[in-house]
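Hi everyone, thanks for making time for this.

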Amino acid sequence: VELEPGPRQTIADVLVEGVGGERTPQVEEDEVTKRLEVAPGDPLRKRRLSRSALAIERELASRGYLDARVRTVLEAVDGDDSYQKRVRFVVEPGTLSRLAEVEFQGLRSTRERFARRVAGLETGQPLARDDLARARTALWKTGLFSGIGAETIESEPELERVVFDLEERDRYSLTYGIRWDSEDGAGAVFDAADDNFLGRGWTLGLRALTSNDEDSLRWLTRVPRAFGGPGSLELFAAARELTEISSDRIFGEVEVPVEVLEGTLQYSHPVTQHTTFRVYGRHTDTERKLPFFTLRIKNPQLGLQYVYDSRSPEPLTERGMFSSIDLSGSREFLGGDLSYVRMYSQLSLFRPAGRLFGSRLSWAQAYRIGLAEAFDQVLTREVRFFAGGEYSVRGYDFESLGEQEQFGSLVQPVGGSALLIITEELRWRLFDDFTLVLVADAGNVWQELGDLGSDLCPSAGLGVRAVTPGGLLRLDIAHALKRRLGIDPEFKIYFGLGTTF
């Protein structure tokens, strides 16, 4: 192959014509010129010329000139045989389109005023090509619609009418969950929600939980687009009555009633598609009725939270990641009884792991770590970490790991200032709706931060997951590999709806 490359052609000058002044009062020439990918002295490349012309059209379209067209003209500088070329971008901007009217079709519960404010389109202003896409995205992010169509209709010369065709989601929802294990028996939770209160996208929710050792009621109010931005303001209020089972050397097991009132106000701000940042304030009032006295502790706290969630939405996640870090604390000037700082972080990873006999394998793992430190006082039970149980280290009793404390003849778990929990699941999807799971957990809590990870309590087991019309059913059988005589059973059986992580 013999090549004759010929002389190298370069750009001598670049001109943009037809922009600015009376022709395009909305766009200045400098705003278009900075979009170009060519400059004097550059080699002449037709691909860059085409991209530059397209960039000018897009810039004009974003300013309301939807029919803008750009021609590229090459001219020799010193005669027809010159290899120095002048590049002229000749712009035909067309007419400036303005928004005459915005119409919403298909609204049932949502107020039109709210939808109009979310869309953010102002009549009388230039209608840019990207404005419609941004309006659709803003409406979609409210979570109120399952379908959003949009079109522009020319009502008069240079005036456009935008019509949104909306399909609303169901406003009300009722969900539930059940669980059972071989030691603590059954429990159930019910959630009722109105996701479009007053037609403004507000959420009102009520959760009721009942089990052998706990009854609770929780209220949620969520106000989207708080302060005019993408963030939401959320208010939680909860009342709990639970029973802590402790050992008494004289009377055996003793039930300790505990009443908890809690209120939380938090602001959640989405940073990216998968990332959310939160700041919150919380006040907890706990009253623990011990055999010979009542202990009441008030705990106001302030906190920050960062969450990343890219998990796939399927019932049993096979790919993606979830991570979060929560930093909270309290001091005396907040009006509480405690002074401390607390950090809790978790990381969950889900990834495919090949195939076995033609069926998919996936590996799910979770790591949780917690650290807490008190200032000039002992770290109280309300702030400590606890480990053990169905959602922690399976095979051990609920929150039973770590040291024990004694009030007279009463003995109960102490918890700790440091926490580490490791959860591993190898999931073998035998059929589309049936999965066999190998389970391995390890974890513990420690009184001293320096002892973190020194004496883990491991467990192992088997489980099955089944996708049903009523939700994901879960059955696990776990055995504690470091059994404590008189405390841990030979094995524990867990049954419930949903996953443990």
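Let's start with Q266, which is found in strand 12. Strands here, with at least two residues of DSSP type E, and helices, with at least four of type H or I, are DSSP runs numbered from the N terminus. Before I go on, this is a predicted model: local features need pLDDT of at least 70, side-chain atom pairs count only at pLDDT 80 or more, and totals for chains, interfaces and linings use all residues. Residues are numbered from 1 along each chain as its sequence is written, and side-chain values use heavy atoms, with hydrogens and water left out.

So, is Q266 buried or exposed? Q266 is buried, at a relative accessible area of 10%. Buried means under 20% relative accessible area, exposed means over 50%, and partly exposed is in between, using a 1.4 Å probe and protein chains only. The side chain of Q266 makes a polar contact with the side chain of E234, at 2.4 Å. A polar contact is a pair of N or O atoms within 3.5 Å; within protein, one must be able to donate a hydrogen and the other to accept it, and residues adjacent in sequence count only if both atoms are side-chain atoms. Leaving aside neighbours within four places in sequence, Q266 is in contact, meaning heavy atoms within 4.5 Å, with residues including F236, R278 and Y280.

Stay in strand 12, residues 252-270, and you'll find V260 there. V260 has 8% relative accessibility and counts as buried. With neighbours within four places in sequence left out, the contacts of V260 include A238, R240, L242 and T284.

E262 also lies in strand 12, and R282 in strand 13, residues 275-289. E262 and R282 form a salt bridge, with the closest N and O atoms 4.0 Å apart. The pair therefore ties together parts that are 20 residues apart in sequence. For a salt bridge, a side-chain nitrogen of Lys or Arg must be within 4 Å of a carboxyl oxygen of Asp or Glu. E262 is partly exposed at 29%, and R282 is partly exposed at 24%.

How many salt bridges does the structure hold? The structure holds 34 salt bridges. Another one joins E382 to R288, the closest N and O atoms being 2.8 Å apart. That pair links distant parts of the chain, 94 residues apart: E382 is in the loop between strand 17 and strand 18, and R288 is in strand 13. E382 counts as partly exposed at 24%, while R288 is buried at 7%. There is also a network, in which salt bridges that share partners join R394, E425, R427, D441, R465 and D476.

R427 turns up again with an aromatic ring: the charged end of R427 sits over the ring of F501, 5.6 Å from its centre. The charged end of R331 sits over the ring of F375, 4.7 Å from its centre. The cut-offs here are NZ of Lys or CZ of Arg within 6 Å of the ring centre and within 35 degrees of the ring normal.

Now, rings with rings. The structure holds six aromatic pairs. Rings of Phe, Tyr and Trp (its six-membered ring) pair if their centres lie within 6.5 Å; planes under 30 degrees apart count as stacked, over 60 as edge-to-face and the rest as tilted. One of the pairs is F104 with F164: the centres are 5.3 Å apart and the planes at 10°, so the pair is stacked. F104 lies in strand 4 and F164 in strand 6, so the pair ties together parts that are 60 residues apart in sequence. Both F104 and F164 are buried.

Last stop, strand pairing, which needs at least two bridges found by DSSP between two strands. Strand 7 and strand 8 pair in the antiparallel sense over 10 bridges, and D181 stands opposite G185 in strand 8. Strand 8 is also joined to strand 9 by nine bridges, running antiparallel. Strand 8 and strand 9 form a hairpin with four residues between them, and L198 in the turn has a positive phi of about 60°. Strand 7 also pairs with strand 24, antiparallel, over three bridges, with W180 opposite F495 in strand 24.
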